[in-house]
Amino acid sequence: MTETALTQDFLGFGLGLRTNHFDHVLTNRPDIDWFEVLSENYMVAGGKPRYYLEAIAEQYPIVMHGVSMSIGSTDPLDREYLTALKKLANDVQPQWISDHICWTSIHGVNSHDLLPLPYTEETIKHVAERVRQVQDFLGRRILLENVSSYLSYQDSTMDEWTFLNAVAEQADCLILLDINNIYVSARNHNFDPVTYLNKIDPKRVQQFHLAGHSDYGDYVVDTHDHDVPNSVWELYRIALERFGAVSTMIERDGNIPEFPALEQELQIARDIAEKTLPELASQLASINKQAQKQSLKTGVFDDES
């Protein structure tokens with residue numbers, strides 16, 4: 001990362017926090033650097049999800065990841081949604097907040113899908129203005145994630161990476177680079193995923209996502225219900241060479257295994273990163289020291305303590 005980087009410090013390696021792992025995390029305090037939570041699952045007062053989130057947030061750094069901001073829609077920004085999002089952020093104090101560079105709703109109807117945008121100058125201006133409004137409301141920069149896509153618009157006048165860079169620059173926001181989504185879209189649209197990585201502005205990349213997908217030969221679907229495949233691990237290695245140490249997490253939304261299996265998979269990411277970036281060891285040691293201090297603060301200790 002360059003001296004002009006806008007991003008926050010490297011958090012290490014995290015996992016998506018899923019409901020069937022709540023008890024395991026609180027009981028065993030696994031050696032995970034941080035957790036990402038789906039914002040919409042916790043945007044209500046009280047209840048078991050909020051109880052577990054607040055308890056886990058006392059022990060681990062948390063980041064919030066949303067799927068319903070619909071930043072690219074022509075509908076007005078949903079102020080009720082943004083108000084609930086801001087309240088959750090105030091309560092949980094996440095390291096950062098992210099959503100997707102896409103649209104999900106039209107005329108107030110939520111499609112519950114992350115739909116791609118046409119890559120045009122007009123769309124850049126539209127999305128960047130909405131991002132600026134959201135950031136002003138939340139009082140912080142947000143991250144925008146590239147989505148996987150299965151169709152393209154005839155009106156598009158540029159590549160996806162050019163579009164993503166332009167929105168981030170004009171909105172002065174950050175980027176959540178989903179390595180699996182790049183691979184999926186590259187297969188579906190027949191472009192070189194390494195070219196995508198090489199064209200993205202390093203100083204705005206705050207986080208990586210890793211995930212699995214379903215490969216049907218002629219097309220690939222981003223399903224998050226498989227282990228991270230070798231093709232995505234290789235692209236991750238190349239991304240590390242390009243961007244350096246970037247906070248990395250694995251998403252798993254279907255066929256969710258027991259927590260130790262995800263820990264083992266996350267260790268693969270650690271191993272690749274440490275081999276690719278030998279200087280990473282000192283940063284991870286610093287993160288471990290911070291985690292130990294947090295344990296002392298919250299009264300949580302390892303068995304060997």
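Arg204 pairs up with Asp172 in a salt bridge, and their closest N and O atoms sit 3.1 Å apart. Arg204 lies in the loop between α7 (193-199) and β9, while Asp172 lies in the loop between α5 and β8, so the pair ties together parts that are 32 residues apart in sequence. The model behind these values is a predicted one. Arg204 counts as buried because its relative accessibility is 5%, and the cut-off for buried is under 20%. Asp172, at 32% relative accessibility, counts as partly exposed.

As a general point, side chains of opposite charge can pair when their charged atoms come close. Another of these pairs is Lys203 with Asp201, whose closest N and O atoms are 2.8 Å apart. Here Lys203 is partly exposed, with a relative accessible area of 23%. Asp201 has a relative accessible area of 19%, so it falls under the 20% cut-off and counts as buried.

The side chains of Arg237 and Glu241 meet at 2.6 Å, N to O. Both residues lie in helix α8 (residues 230-243), and they are four residues apart, about one turn of the helix. Arg237 is partly exposed, with a relative accessible area of 27%. Glu241 reaches 51% relative accessibility, and it counts as exposed because the cut-off for that class is over 50%.

Next come the strands. Strand β9 (residues 205-210) is mostly covered, with six of its six residues buried. Which strands does β9 pair with? One is strand β8 (residues 174-178), which pairs with β9 in the parallel sense over four bridges. Within that pairing, Leu176 has Gln207 of β9 as its bridge partner. Another is strand β12 (residues 247-250), again paired with β9 in the parallel sense over four bridges. On that side, Phe208 stands opposite Thr248 of β12. In a regular strand, the side chains alternate between the two faces of the sheet.

Once the neighbours within four places in sequence are set aside, Pro49 is in contact with Phe22, Asn41 and Tyr42. As for Pro260, it is 211 residues away from Pro49 in sequence and 21 Å away in space, going from C-alpha to C-alpha.

The largest cavity has a volume of about 60 Å³. Its lining is made up of Ile101, Pro116, Leu117, Tyr119, Asn146, Val147, Glu160, Phe163, Leu164 and Tyr196. By class, these lining residues divide into eight nonpolar, one polar and one charged. Helix α5 (residues 160-171) gives the most to this lining, with three residues.

Then there are the pockets. The largest pocket has a volume of about 920 Å³. This pocket is lined by 44 residues, and those nearest its centre are Val67, Thr104, His112, Asp113 and Leu114. Which strand supplies the largest share of the pocket lining? That would be β6, with six residues. Along with β6 (109-115), β2 (34-38) and β5 (103-106) each supply at least two residues of the lining. Sorted by class, the lining of the largest pocket has 16 nonpolar, 17 polar and eleven charged residues.

Note on methods: Residues numbered from 1 in each chain as written. Predicted model: local features only at pLDDT ≥ 70, side-chain atom pairs only at ≥ 80, totals over all residues. Heavy atoms only, no water. 1 Å grid on protein atoms, 1.4 Å probe; cavity = no way out; pocket = protein on both sides within 12 Å on 5 of 7 lines; lining within 4 Å. Points joined across faces, edges and corners; volume = space filled by probe spheres on them. Nonpolar A, V, L, I, M, F, W, Y, C, P; charged D, E, K, R; others polar. Contact = heavy atoms within 4.5 Å. Buried < 20%, exposed > 50% of the residue type's maximum accessible area, 1.4 Å probe, protein only. Pairing = 2+ DSSP bridges. Salt bridge = Lys/Arg side-chain N within 4 Å of Asp/Glu carboxyl O.
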